[in-house]
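Here is a walk through some charged contacts and strand pairings in this chain. Keep the structure open while you read.

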Amino acid sequence: MPRTGRSALLAAALVTAVAAGPLAAPAFAAASEPARTSTAPATAGPDTEALAAAVAGLPDHDATAALLRVGGAGTWRGTAGVRDVRTGAPALENARFRAGSVTKVVTASIVLQLAAEGRIDLDGTVQRYLPGLLTEDFAPVTVRQLLNYTSGLRPGASLGDSVEEGYPHRFETLTPRQVVADAVAQGPAYAPGTRQTYGNIHYTVLGMLIEKVTGDSYAHQAELRIFRPLGMRHSSFPAGADPRIHGPHNRGYDWIDGKLVDVTDWNMSDRFAAGDLISTTADLERLLVGLFRGRVVPEPELREMFTLPDVPGARYGAGLERFEVNGKVIWGKTGSRPGYATVIAATPDLSRTLVYSVNSTDAKGDGLAVAQRFAFPAFNR
């Protein structure tokens, strides 16, 4: 397939610099042809032509690889792009990737399991479960308010609010306790339960809560409660400050100062229970289907995930976000880390499911553009 204009631009930039140094030659010779399968009836399934078009021509300026899985009334699978722009090796269908804030679905599930077991009261407070974490400036903050982002906590410490700012600090460590301490020092943003403000800080505290209640690490609880029961054999959390993705993976890239830079290796310890998950599309499909079928969180706790708080403009339940796409109500979660953009989403009856990982070169930027290209076609019919 002939190289597109965007692909040519990308290849030219790659000659200049990727990661630590310049390349001797363009990283790839041509955009890859997507490998795809489809069993979707034309009238009932996803818009397969739009899906094929979304992955055609990769790599390009906006993405180097894409992995898509659409299920429900018909299935569609797509894999396109390159594993590594230096070698031009084709993208791996079973690649592991950073799932970003999809981690919050795992965290919410663990908390709701503990609530079902009577070990956590959703109306219990942070002050009760984590005494001394919040100062006297804070009114009581409940577990439910952490789950649905109405706690009033401000964002905590960060090593950079953008890829450009964070890249020089990518091997540094910022612990969850340091993140929360910085948030607490700023005082509350508003009275708990009065507004919804999406942010990692709520789920960072929930991760600490899980560890306090169980006397175990968050990562081990995720393994015991979520990954093993669902057969998510390729999902994990990095050990400590390990910056690598272990196992087969497609490398992630981002445009920094006009150059395409390899951002795969990155210490994500500060994301913790809010965004440190490494997974695969097959594993996340197992999580999505198992969750919606009630195999992960039992009723009535499961309803918390599909219940919006009674505050203006609410879009998030416990771990999940409500979308409307082409007249369909969709529940799911987005996630992004440098070099990787992820989505899991489904109709409540599982008549349509979607999981994708896109090696976006602006994963922390315009997420809507990525969703319009790779997610919307899944729900077009």
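R322 has a relative accessible area of 31%, so it counts as partly exposed. This is a predicted model, by the way. The side chain of R322 meets that of E324 in a salt bridge, 3.0 Å from N to O. What is the relative accessible area of E324? It comes to 55%, so E324 is exposed. Elsewhere, salt bridges with shared partners tie R69, R77 and E285 into one network.

Side chains of opposite charge can pair when their charged atoms come close. The chain has 16 salt bridges in total. Three of the pairs are listed here.

| Salt bridge | N to O distance |
|---|---|
| R322 and E324 | 3.0 Å |
| D262 and R251 | 2.6 Å |
| D265 and R251 | 3.7 Å |

R251 turns up in two of those rows, so let's look around it. With D262, R251 forms a salt bridge at 2.6 Å, N to O. That pair links distant parts of the chain: D262 belongs to strand β7, R251 sits in the loop between α9 (218-230) and β6, and eleven residues separate the two. Are D262 and R251 buried or exposed? Both are buried.

R251 also forms a salt bridge with D265, with the closest N and O atoms 3.7 Å apart. Here too the pair links distant parts of the chain, as D265 is in the loop between β7 and α10 (272-275), 14 residues from R251. D265 is partly exposed because its relative accessibility is 27%, whereas R251 is buried.

Now for the strand that carries D262. Strand β6 (residues 253-256) and strand β7 (residues 259-262) run antiparallel and are joined by four bridges. Within that pairing, D262 in β7 stands opposite Y253. The hairpin of β6 and β7 has two residues between the strands, and D257 takes a positive phi near 50 degrees there.

Where is D362? Look in the loop between β12 (352-360) and α12 (367-374). D362 counts as partly exposed because its relative accessibility is 39%.

Nine of the nine residues of β12 are buried, so the strand is largely enclosed by the rest of the structure. R352, L354, Y356, V358 and S360 point one way from β12, while T353, V355, S357 and N359 point the other way. Residues on both sides are buried.

Which strands pair with β12? One of them is β2, which runs antiparallel to β12 and is joined to it by eight bridges. R69, from the salt-bridge network with R77 and E285, stands opposite V355 in β12. Strand β11 (residues 340-346) is also antiparallel to β12, with six bridges between them. L354 in β12 is the bridge partner of A345. β11 and β12 form a hairpin with five residues between them, and L350 in the turn has a positive phi of about 65 degrees.

One last stop is T75, in the loop between β2 (63-72) and β3 (76-84). Its relative accessibility is 26%, so T75 counts as partly exposed. How far apart are T75 and A378 in space? Their C-alpha atoms are 9.8 Å apart, though 303 residues separate T75 and A378 in sequence.

Note on methods. Residues are numbered from 1 along each chain as its sequence is written. This is a predicted model: local features need pLDDT of at least 70, side-chain atom pairs count only at pLDDT 80 or more; totals for chains, interfaces and linings use all residues. Side-chain values use heavy atoms; hydrogens and water are left out. Buried means under 20% relative accessible area, exposed over 50%, partly exposed in between (1.4 Å probe, protein chains only). Two strands pair if DSSP finds at least two bridges between them. A salt bridge is a side-chain nitrogen of Lys or Arg within 4 Å of a carboxyl oxygen of Asp or Glu.
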